[in-house]
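Please read it with the model open.

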Amino acid sequence: MAKTLHILIVEDSEDDALLIVRALEKDGYEIAFKRVETEEEMRAALDEKKWDIILADYKLPAFSGMEALKVAGGRDKQTPFILVSGTVGESAAVECIKAGANNYIIKGSLMLLGLAVQRAIDETKTRKENIARGKALMDSVNAWDTTFNSMNDAVCLVDKNRAIKICNYIMAQMFGRSQEDLIGENCCNLIHGKAMPVKECPVTRALETRKREIEELHLGDKWVSVTADPVFDSNNEITSFVHIVRDITDSKTMEASLKISEMKYRRLFETARESIIIIDLATKKILDANPFVEKLLEYDPGKIIGKEIFELSPIKEIFETKIAFKEIQEKGFIQHRHISLQTKRGERIYVEFIGKVYKVGDRDVVQLNIRDITAYKKAEEALLQSEIRFKELFENMMNAAAVYGAVDDGQDFIFREFNKAAEGIEKAKKGELIGKRVTECFPGVKEFGLLDVLQRVWKTGRPEKFPAKEYKDNRISGWRENKVYKMPSGEIVAIYEDLTEEKLTQNLIKEKGEKLEQALDISGAGIWEWDLAEGVVKTDNRFSRMLGYGNKKMKINIGEWEKVHYPGVWDERKKEAQEYIDGGKRLYESEHEVKKKNGGSIWIYTRGKISERGAKDEPLKFVGIALDVTKRKRAEGALAERQRLIDQVGEIAKIGGWEMDLEKGGKATWTKGIYKIVEVNVGEPVPGADEHVDWYLPEYRQMIKEKMQKLIKTRQPMQFEAMLKTKKGTLKWCQAIGEAVERDGKVVKLRGTFQDITERKRAMDALKESEQRFKTAVLDSPHPILIHAEGGEVIQISRSWTDIAGYTEQDIPTLADWTEKAYGKKKASVMKDIKKLYTIKKRKYEGEHTIRTKDGRMLVWEFSSAPLGSMPDGRRLVISIANDVTKRKGTEEALRESEERFRTTFERAADMLFLHDQKGNIIQVNNNACKNLGYTRKELGNMKVQDIEVGFSRKELEPLWRRIIDKSQIARGVMKRKDGTTFPVEVNVGGFDYRGKKLLLAVSRDITERERLEYAKVHLMRDVTHGLKTPIAISQMALYVCNEGLKRGDVNEVNEAHAIVANNLKLLRKDIDNILTSTTVDMRKGEKVSSKKCSSLKGIAKNMTMDIKGALEKKRNIEVKIKIAPDANKVAVAPRDIKILLNCLIDNAAKFTEKGAISIISRPKKGHVELEVKDTGCGISKKHLGRIFEKFYKRHPAVEGTGLGLSICKDIAEMYNGEIEVKSEGVGKGTTVLVRLPKG
Amino acid sequence: MKNILIVEDNVEMQKLYKNMFKNKQDEYEIEIEGDARKAFKRLAEKDFDLVLLDIIMEPMDGESFFACVRQDSKRKNIPVLVISVLDQEGLDYMKKLTKVDFLQKPVTIEELMKKIGSMA
């Protein structure tokens, strides 16, 4: 046991304490302990440190083990406590354990102490853990409960078969159903409407991977993120999944557009062929640099970021860089500034840069577009140096040199330069010659032949050698040998030698050999003699000097000669000599490089000839002179180099030089570079100023002309950028820089450079555009957007952020400011959440937050954040997008309220309510609807309106519903109950906006009662009045006709009219009788009558039928049968009432019978008399049978009579506790009326 | 000579109409039909200048007859004069009888002739 055990021993005996310690040490513990005796000591010890265990004696002089336990605080204090005592009894020990001690040990068995201590410590530790775990569990349960339903995402728990076990409020809302309702639903079916899971279903994946799977799905026109989180049981088996569905449509769209913009910007930034550096204007630190820069300056990726721009400059040029930077700070931009930078290894790089300041968030940054012009600069520098060298050389070379400028279109030339050597040869001062024509200064030049050469070289550009020839004019004469070149500037250079002395020397050799030495001395030439026979080369003092041997004659073995002076090239030299020896040439002549003895080399010009030949004319000696032409050679080389450099520079920089001769009407010359840029073949005529200006696009022409005029006028250098169209039609951005060349205070020439800057322009434009797009996407987003960097700096906020919340960028420079202002007390927890955002890899939904606006309003914003890469300094960026859902929240609240109101009203309405869609699918019904129709709520939920509304056809209903979407309409319909019966309804249908769907709310009212009343009202009036009025009207009209008849004396007509009147009066009287009877009976209704007087049916029936019997039988062929049973003759009904009853029944029978018989039968039945009146007439249809006893009810209004007869009969029968019943087999099958009356 | 179709199921009324038109034989030729269904057929067979129509009849009533006439493309323009014991209010209950020429029974010969004169 390596760990030290800290024990607090409460013990009065030092020895006992040591015993305890020893016992524990024996068990392998390393012990650190403190012994205390009193309560104060113990408390002090407890305060002092945390003990691993407390061991206490049960009995102490000033203290007790129990008290010590109290001080230690029992088990809850989390320090194990063991009682150690020699005297402790069983009961005291139990008491101690109860009070919270972990164990007790008798001093006699201290060997058990080690085990007890270990157990007590373990126990305490476990207990501590359990408490913590329990608390965590409780917390999580509480948290779950409260958050689950208030979550803004749809969340559900599904089992392995994807059946929903629990779901939250939002989920239920998503599908317009209740939470309980969704339980048991298959989530595939619910979300996708499919029985099988969709192929991207994260649950499928999670089943395999056994971890959280997230998928973004397209559902209809929405994007949702669906999470499936497996839940494991104790066997580590997946039991269910937490399934979260989140609407991410808005952010998805936003994210996509941002990504595109950023990607575009980034891609351009990364791939631009130019170097781009972004610098913070204030700190001058580099914020970003594209790979091009890193490559250029040889930094590892990302390593350049954070450096100060000056760190990249060579020390000598820091000042220059600072000036340039200051200029940017002041002006906001800088153009075409050349500075130099230094690579990591310290190599100097020349760059040209264009800088522009723009804002990123609240700070200014400079974007520097940098072009590496090192090659160009180096070339330029080399050129400059070579120029200097050249000048020096030119001036000091031994050869004569003249520089000519062409005039008169290359017909004549003027002197530009004339070196010292030339001055000496021509015996003329430079000052006298410069600017003068060659033909003027040297009138013999044409005859001499040089003018032709100059003209040719000027025209063709090809260098030419003009061999030695004698020049002669009045002033001067002499042998000259010229080499003529054309320089890139167009100037002609002639390098020449005065060969007069050599010529003289040659003559001298011929004439006076002894004067040779002298002559050679004067000419500066060395002499060599190659003794072919001996195989040695002899050199004179001068040549020896040239070759580095000192001022002495030498005799060198030919082998050594070859090795020292012509290593590797001797064959070439020999070949040259051989050509001469073989007789091809008059004179041996060569210009070549000779190595000096001690390194280095010189160029010599040498000539020679065979001086001795043998008997067979074989050459024996070869003699010649050698001139040191090194300096001239070098000058030539410098010229060639200069030309090459200019071409190379032009190539690299896409730059060319131009010159415009104002004295020659603006005639221009170009270097190759310009030809290339403007896509014209080299050598083609160069256009004049005006024509050239026309190459530019029209909008630039005026500007260019003005710039050139200004240049001529002010002599201030000009510079412009413009777009031109080449002969081949290519559009190019070009930059021209020009300066004036003055002579004698007059501008004679313009010259400058011309550069193709198309690529740069294009890159800059594209960059600007991408930047703009990105900015626009952020700045003008309708969503409040805040881009922030790790550490809390607010990089950018969108305008809508300010518009909605009122905070400007100045208000919230950091997230601390933002949270302080917007969240108040909650800022700490919000900040904590924000800090976590910098590690997210994907878009994260952060939920709704209540924020305080600048003017104190509270808004609800829904946040989501996404990573946005890193700042140049490595700080991670996060874009947080908010969605102001305040209104939605309010609306949601209002919606919930109105929903509640609607539901209550809906349920409590007295009418039947149906909520259905435009196809008639019933969505909701109220209790009354169910009750009235006899269906359950569930049954109706699966039905269509068309199933219950039978008053309209399907074809009528749907157009009706479409029409009434915005205006309600009342219609009469008929509804069918579950049992098949129907009832009339009045339906008020109105369009109804329900959760964004256009639904219809049909308020239906059963109008059976109303319809019955209405019917009664209308028909009473119609039928009754018709019944009464018709006889009157007919009588009256008959009287009018009668009058006419009387006037005309038409007896027939009069008689007919009389008969009509009589008949109608009879009908009228019957009707009135009926009405009166009905009224009387009506008044007596309710009083139960038991008649004292009995009536004899037989007598009454006979008497009554006698009246009508004859007439009926005669007229209509109807037989009347009376069959009264003897025991059913007397009835306890007043005769008056029986008369009325029978009268009505017989009258009815007669009215509806055309032929056959009317039978009046009576029979005894169950102590009653059953009276039957039966006819063979038209019968009564089922439809009318039910209503036949209603007052005024008639089969048809056209039927004669009042429709009161049967109602009177019923009233009478009921008055005597009797019954009445009408039977008919149907239309045409006769009618039977049965009346049961009390026996008399 | 105008042709008049009288649709009236009451036999006594039929007699009265006959007598009322007895003296107008040079002006009007009348045809009386007691069954409105048959009367509707007659309209197709012969051109009538006017129909006198009773309302409460069996089996087809005047209201249905009128509706049939007005819905029939060939016959819809025939003038119809309703003669019924119903008053205006009673008539109003019948929805199909809108904008109809109407006389209430009893009607005098002069009244009838005057009305017929204005219509036929």
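1. Met111(A), Leu112(A) and Leu115(A) make a nonpolar surface patch of about 360 Å². Leu112(A) sits in the loop between strand 5 (103–106) and helix 5 (113–150) of chain A. Leu112(A) is partly exposed, at 44% relative accessible area. Partly exposed lies between buried (under 20%) and exposed (over 50%), with a 1.4 Å probe and protein chains only. Nonpolar patches join side chains of Val, Leu, Ile, Met, Phe, Trp or Tyr within 5 Å, from residues with over 30% relative accessible area and no salt bridge. A salt bridge puts a side-chain nitrogen of Lys or Arg within 4 Å of a carboxyl oxygen of Asp or Glu.

2. This is a predicted model: local features need pLDDT of at least 70, side-chain atom pairs pLDDT 80 or more, while totals for chains, interfaces and linings use all residues. Residues are numbered from 1 along each chain, chains are lettered from A, and side-chain values use heavy atoms, without hydrogens and water.

3. In chain A, 6 strands form an open antiparallel sheet, ordered 23-22-21-26-25-24. Strands are DSSP E runs of at least two residues, helices H or I runs of at least four; pairing takes at least two bridges.

4. Strand 22 (residues 536–539) of chain A joins strand 23 through 4 bridges. Val537(A) stands opposite Ile556(A) there.

5. In chain B, 5 strands form an open parallel sheet, ordered 2-1-3-4-5. Strand 2 (28–33) and strand 5 (101–104) of chain B each have a single partner strand, so one side of each lacks a neighbour in the sheet.

How values were computed. Patch = residues over 30% accessible without salt bridge, like charges linked within 9 Å, V, L, I, M, F, W, Y side chains within 5 Å. Areas by Shrake-Rupley, 256 points an atom, 1.4 Å probe, with all protein chains shown as cover.
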